[in-house]
Amino acid sequence: MNEFADERLNIKRKVLVVDDEIVNRQMLGKILGEDYEVHYASNGTEALEKLRDESGLISLMLLDLMMPEKDGYAVMEEMKADKELASIPVIVLTSERAAEVQSLQKGAVDFIPKPYDMPEVIKARVKRSIELSEKTNVINATQSDALTGLFNREYFYEYVGLLDHYNPDIKMNALAVNINRFHLINDMRGRKFGNDLLIAMADAIRSLVREEHGIGSRIDSDSFFLYLPVHKTPEEILTVLANGTEAYLDNPRSRIRLGVYESADRALEPERRFDRALMACNSIRKNYSTQIAYYDEVMHKDEAFSERLINDIGKALEEKQFCVFYQAKFAIQEEKDVMSSAEALIRWKHPDLGMIRPDQFIPLFEENGLVQKLDRFVWRESAAQIKAWKDKFGIVIPVLVNVSRIDLLETDFIDEISGIVRSNGLNNEDLLLEVTESAYTENSEQIVEIVNRLRGLGFKVEMDDFGSGYSSLNMLSSLPIDALKLDMGFIRNIHNNDKDMKMVELMMDIADFLSVPVIAEGVEEEEQYRLLKDAGVDLIQGYYFSKPVPAEEFEYMIRERVDSLKEREK
Amino acid sequence: MITLDVLKEFGANTDEGMERCLNEEGFYLSLIPTALEKEGYLKIEDSIKAGKLDEAFEAAHALKGVLSNLALSPILKPVSEITELLRARTETDYEPYLNTMWEQRDKLAAYI
């Protein structure tokens, strides 16, 4: 038997007895009075008034059906139509067998025949009805998303399992729905407008799943999942969703994107099936001309590849399959272009898959929280390498390492990085730290404070991906930085006097205002080099000078330039 | 004064009625006079005489519920018969049923 909350919480619930005969009311009051606070009404109108006065505090109503003026049926009808009252359970009191069926159909949870059963039977029926109703209310509250009333993620997956169980032969599509740039709608039109849009989307989804005998869910923010029998085409589904949201979206068809995993494989856990739909949906995140994407072979291969990498991460760290490559940076505003420093770039030498690029595995590390381990590995390797070159050639080649937002917020970060530098006999300025522009946007005050402390200790901090669009001009003026690194996107396509070149010049002005040098990365062509040099960019990194190479190869570059490097160090 | 013995002798199923009142004699007995108030009975009679069978049915049905809960079988019997006839809106001579009803009601009411 489940625990009944009043026994634990010492609550005396309220029940309302509605009967036009005082004898009947008193008799029920006697039976229930020991366990409940009993309220009375002698007709339907009075009953509804009492329910409203007690606003949700009546746990159950015992209702006589045949009463003058407003009878029990009319009371139940009114309750059904009133959101506040609809969830209050009703036990009907009747001597008519025929009325029992009708009252259950009208929403009564049980009936008590007249003449009354034994008091114990009445008490048990009342108790059980309250328990059931409270449990139902709790389930309704926990299984639904509060804003839209759709299932939340956990319950959605539960019901997907149930649907599969009872319909093992029906082919189902897993669909993921998203609204492009929803955060901008919230920013520009306000949260209320954004919420109304989400509710309209949920209503459209609800009508779809009812018609198609499927289920829907709001996963988070503007993400929705649908599990529908293979019947309507994705185009038709998109049309229903667009029609439902047209009051809120200017061009709804182009603003909604749909990821489809067709005839989802039931051997997979529901979570995995919807991961695939979501993967398809995310594949067109920035492609505003395509609204529907299907999970296909290519995605399947990508997924299998990612999964392989995730499985191999632990072993790779243990077996030191990671190594650090170095890419030289050249100062280009002097008489001759000179190598000035290097950037450390991680590579994964997988025993079966060969060399794996960081863009293929870093996001996976970020997801499972192992990226910090990897960062620390790079810091240690790089510091040891600076020391090795220092010992060998008698010069310091500073190496730039990446520091993520999460790294900066670690309580032992400054101790860790200082310890690494110290243990290699280096100065703090020898290990250059790179923080992306986006890292400054969240918890910016805290980040600024840590960066200030680092600079106070002599570390040099460069801002990566500058111009990728996160900083406000106001914030920039207060940022503690020693160099700006231009976002590679601007460099890739620059030509004389074009828009990207104008952007570079604008950023040069900002760097000038902040009195910090500017670094351009991704420089591959002579024309890019020339334009950037003319624009006053201080340092350049890219295939134009050298690709990232292993430490041994980098050593050749140092050896060739060792005299000029020593000269420059003086 | 109405007592359990009086009710038993009258023919009421006092065990059943008492059980519904958690075997509290005082409470059970306190409900009896209300069930004997003339108003309910008059409403049945007057409505029948006025040809208002719907109203008569509602009144008879209500009284039947009370009498059955209190297990006052001798009055319950004619009231149940009247209720069933009225349920079908039967046009018949209700006089004998009404007489029995009053007779039984008055018999018990005399003890109040």
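A salt bridge is counted when a side-chain nitrogen of Lys or Arg lies within 4 Å of a carboxyl oxygen of Asp or Glu. The model is a predicted one, in which local features need pLDDT of at least 70 and side-chain atom pairs count only at pLDDT 80 or more, while totals for chains, interfaces and linings use all residues. Side-chain values use heavy atoms, with hydrogens and water left out, and residues are numbered from 1 along each chain as its sequence is written.

Over all chains, the structure holds 51 salt bridges. One of them joins Glu462(A) to Lys329(A), with the closest N and O atoms 3.4 Å apart. This pair links distant parts of the chain, since Glu462(A) belongs to strand S16 (residues 461-466) of chain A and Lys329(A) to strand S11 (residues 322-331) of chain A, 133 residues apart; helices (H or I, at least four residues) and strands (E, at least two) are DSSP runs, numbered from the N terminus. Both Glu462(A) and Lys329(A) are buried, where buried means under 20% relative accessible area, exposed over 50%, and partly exposed in between (1.4 Å probe, protein chains only).

Arg276(A) and Glu303(A) form another salt bridge, their closest N and O atoms being 3.1 Å apart. Because Arg276(A) lies in helix H12 (residues 270-282) of chain A and Glu303(A) in helix H13 (residues 297-318) of chain A, the pair ties together parts that are 27 residues apart in sequence. Arg276(A) and Glu303(A) are both buried.

In chain B, Glu84(B) forms a salt bridge with Arg87(B), and the closest N and O atoms are 3.1 Å apart.

Methods
Chains lettered and ligands numbered in written order.
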